[in-house]
Amino acid sequence: LVELVESGGGSVQAGGSLRLSCLFSGSTQLRTCMGWFRQVPGKEREGVAGIKTGDGSTYHADAVKGRVTISQDNSKNTLYLEMSSLKPEDTAMYYCAAWIGYCYPNRAFVSYWGQGTQVTVSS
């Protein structure tokens, strides 16, 4: 069993920064990969970034490369997503996720989801 709880979402103006947090619990064996996804009404949930929890290797979607940093602090049982130079198109519900296997963020691989935290970027 893995539990994920996101926090840190909110409203920010374009060009601003935000850091999302995901408090996790559960066996490391059930979350060899963790990551972030986002979804807006009418669209499929899309991957933002993934991380191989064992060695910290990271993967990012092209749309956010250079503007986001995914990281983990195991001493705090927390996964982070730092975002900068935010754009209105980054507005979405952001979800924390955990899975086993290859760590590029593909929703088909995800076994556990958090409840989501809303990020709204205004122009």
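Mentor: The chain contains zero helices and 11 strands (helices are DSSP runs of H or I with at least four residues, strands are runs of E with at least two, numbered from the N terminus). Read along the sequence, its pattern is β-β-β-β-β-β-β-β-β-β-β. The radius of gyration is 13 Å, close to the 14 Å that the globule rule gives for 123 residues, so the chain is as compact as a globular protein of that length (the radius is taken over C-alpha atoms, and the rule is 2.2 Å times the number of residues to the power 0.38). This is a predicted model, in which local features need pLDDT of at least 70, side-chain atom pairs count only at pLDDT 80 or more, and totals for chains, interfaces and linings use all residues. Residues are numbered from 1 along each chain as its sequence is written, and side-chain values use heavy atoms, with hydrogens and water left out.

Turning to the sheet, four strands form an open arrangement in the order β1-β3-β8-β7, with antiparallel pairing (two strands pair if DSSP finds at least two bridges between them). From one strand to the next, the twist averages 20° (axes are lines fitted to C-alpha atoms, and angles run from 0 to 180 degrees between N-to-C directions). Five bridges join β1 to β3 (residues 18-25) in the antiparallel sense, and Val-5 stands opposite Leu-23 in β3.

With 1% relative accessibility, Asp-90 counts as buried (buried is under 20% relative accessible area, exposed over 50%, partly exposed in between, with a 1.4 Å probe and protein chains only). Its side chain makes a polar contact of 2.7 Å with that of Arg-67 (a pair of N or O atoms within 3.5 Å, one able to donate a hydrogen and the other to accept it). Leaving aside residues up to four places away in sequence, Asp-90 touches Arg-38, Arg-67, Ser-85, Val-119 and Val-121 (contact means heavy atoms within 4.5 Å).

For the chain as a whole, 42% of the 123 residues count as buried. Among contacts between residues at least 6 apart in sequence, 59% join residues at least 24 apart. The C-alpha trace spans about 40 × 30 × 25 Å along its principal axes.
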